[in-house]
Amino acid sequence: MKFVLALGLVSIIAVSLCYAQCFNVFNPLDSNGCQKDGKKYEYGETFIIPECKKCTCTNTSLTCCAMAAYPAMYNKTECIAFLDDIQCKYRVVKKCDPCKKCEVTVWTL
């Protein structure tokens with residue numbers, strides 16, 4: 001029984017790590033800071049971009065990570081997930097009736 005519980009815990013952690021929605025862009029060393037989508041940011045500056053991603057500019061990289069939990073487990077045959085980028089939340093609704101919500105059993109970042 002302990003083995004089954006341990007295996008379940010490892011599986012949950014593995015899924016969470018797989019869905020960790022961050023990306024890192026190398027930033028050449030210069031005194032100009034970072035640039036993202038045509039805007040310049042100073043080193044140490046943290047900002048939010050569309051698609052609900054929080055970015056941080058350092059002298060070595062620009063790192064952006066998702067702020068919205070992603071629906072990892074739901075009925076993908078009957079339902080569809082979409083990001084509400086105003087509220088930074090995914091919504092999961094029935095494909096045939098978008099007014100009806102679907103149950104999500106696992107959310108991850």
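Tutor: Let us take the loop between strand S4 (46–49) and strand S5 (53–57), where glutamate 51 sits. Keep in mind that this is a predicted model. Cysteine 52 has its place in the loop between S4 and S5 too.

Start with the backbone. Phi of glutamate 51 is near 70°, a positive value in a residue other than glycine. Cysteine 52 also has a positive phi, near 55°, and it is not a glycine either.

Now look at accessibility. Glutamate 51 has 46% relative accessibility, so it counts as partly exposed. Buried means under 20%. Cysteine 52 has 2%, so it counts as buried.

Leucine 83 belongs to strand S8 (residues 79–84). Its relative accessible area is 25%, which makes leucine 83 partly exposed. Tyrosine 70 lies 13 residues from leucine 83 in sequence, and their C-alpha atoms are 8.8 Å apart.

The largest nonpolar core has 8 residues: Cys34, Tyr41, Phe47, Ile49, Cys55, Cys57, Leu62 and Cys64. S4, S5 and strand S6 (61–66) each supply at least two residues of this core. Another core, of 5 residues, lies apart from it, and its members include Tyr74, Cys79, Cys102 and Val104. In soluble globular proteins, nonpolar side chains tend to be buried together.

Leaving aside neighbours within four places in sequence, cysteine 57 is in contact with Gly33, Cys34, Tyr41, Glu42, Tyr43, Gly44, Glu45 and Leu62.

Aspartate 84 forms a salt bridge with arginine 91, with the closest N and O atoms 3.3 Å apart. Aspartate 84 is buried, because its relative accessibility is 17%. Arginine 91 is partly exposed at 26%. The structure holds 3 salt bridges. Another of them joins glutamate 78 and lysine 94, at 3.4 Å between the closest N and O atoms. That pair links distant parts of the chain, 16 residues apart: glutamate 78 is in the loop between strand S7 (70–74) and S8, and lysine 94 is in strand S9 (residues 89–94). Glutamate 78 is partly exposed at 41%. Lysine 94 is partly exposed at 25%.

Note on methods. Residues numbered from 1 in each chain as written. Predicted model: local features only at pLDDT ≥ 70, side-chain atom pairs only at ≥ 80, totals over all residues. Heavy atoms only, no water. Helix = DSSP H or I, 4+ residues; strand = E, 2+ residues; numbered from the N terminus. Buried < 20%, exposed > 50% of the residue type's maximum accessible area, 1.4 Å probe, protein only. Core = buried A, V, L, I, M, F, W, Y, C linked by side-chain atoms within 4.5 Å. Contact = heavy atoms within 4.5 Å. Salt bridge = Lys/Arg side-chain N within 4 Å of Asp/Glu carboxyl O.
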